[in-house]
Amino acid sequence: MGLREDIDEVLIPEDALQARIRELGAAVSNDYAGKEPLLVGILIGAFVFLSDLQRAITIPCQVDFMATSSYGDATESSGIVRILKDLDQSIEGRHVLIVDDIIDTGLTMDYLLQTLKARYPASLRVCALLDKVPRRRREVRIDYRGFEIPDRFVVGYGLDYAGRYRNVPFVCVLKPEIYR
Ligand code: IMP
Ligand code: MG
């Protein structure tokens, strides 16, 4: 059985993703010229986006990853996020650009920004492919944003449902019977 049979609607097709990522890459290349930014991808969801974004960047840059996990409903209100994998290097004095797949409530990014800010980077900015504005519970400044999307659960292009669909090359919504 192919994954495509589970898809209800394509929200952002592959060519639109790639075109927007080229624009984001150009903006980053322009803004960080001479600064060699460190792109920090948030695993697992951001790995596909980061992979394409860094190839759209034409200046020297470096890549590192962090993995986070929220404690679940009980702690969502407090915004406490667990770091499952930390950066391999110090970011003191570095120009750090956090790259994530989607900003939903904003709790994860708010926590990451506080955590990384305390490590004295030279600058700290956020690049998110998707922005689910209606769900926001923490104000997060997104410096580079791919697309604003409505309040729907999306998969594909790195985003998963129960670990699946990350390899679908576009952003889509699944058939209702899949979410059970
Ligand atoms: P936040 O802390 O609520 O902003 O959650 C951000 C994280 O939740 C994202 O990095 C995703 O991993 C996950 N997430 C939020 N919305 C979706 C979605 O629609 N599909 C898949 N994952 C999502
Ligand atoms: Mg994530």
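**View 1. Polar contacts of ligand 1 in the predicted model.** An oxygen atom of ligand 1 lies 2.9 Å from a polar backbone atom of aspartate 104, a polar contact being a pair of N or O atoms within 3.5 Å. Threonine 108 brings an N or O atom of its side chain to 2.5 Å from an oxygen atom of ligand 1. Lysine 132 places a polar side-chain atom 2.9 Å from an oxygen atom of ligand 1. The protein buries 81% of the 490 Å² that ligand 1 exposes when taken alone (Shrake-Rupley method, 1.4 Å probe).

**View 2. The shell around ligand 1.** Of the 15 residues around ligand 1, those that come nearest are Asp104, Thr105, Gly106, Thr108 and Val154 (a residue is near if one of its heavy atoms lies within 4 Å). Strand E5 (95-103) and helix H4 (107-117) each supply at least two residues of this shell, and E5 gives the largest share, four residues. Helices (at least four residues) and strands (at least two) are DSSP runs.

**View 3. The largest nonpolar core.** This core has 28 residues, of which Phe49, Leu53, Leu97, Val99, Leu129, Leu130 and Tyr157 touch the most other members. Core members are buried and joined through side-chain atoms within 4.5 Å, where buried means under 20% relative accessible area (1.4 Å probe, protein chains only). Elements giving two or more residues include helix H1 (14-31), helix H2 (47-55) and strand E6 (123-131). A second, separate core of 18 residues includes Leu38, Met66, Leu87 and Leu124.

**Notes.** Residues are numbered from 1 along each chain as its sequence is written, and chains are lettered from A and ligands numbered from 1 in the order in which they are written. In this predicted model, local features need pLDDT of at least 70 and side-chain atom pairs count only at pLDDT 80 or more, whereas totals for chains, interfaces and linings use all residues; side-chain values use heavy atoms, with hydrogens and water left out.

Methods. Polar contact = N/O pair within 3.5 Å; in protein donor to acceptor, adjacent residues only side chain to side chain. Buried < 20%, exposed > 50% of the residue type's maximum accessible area, 1.4 Å probe, protein only.
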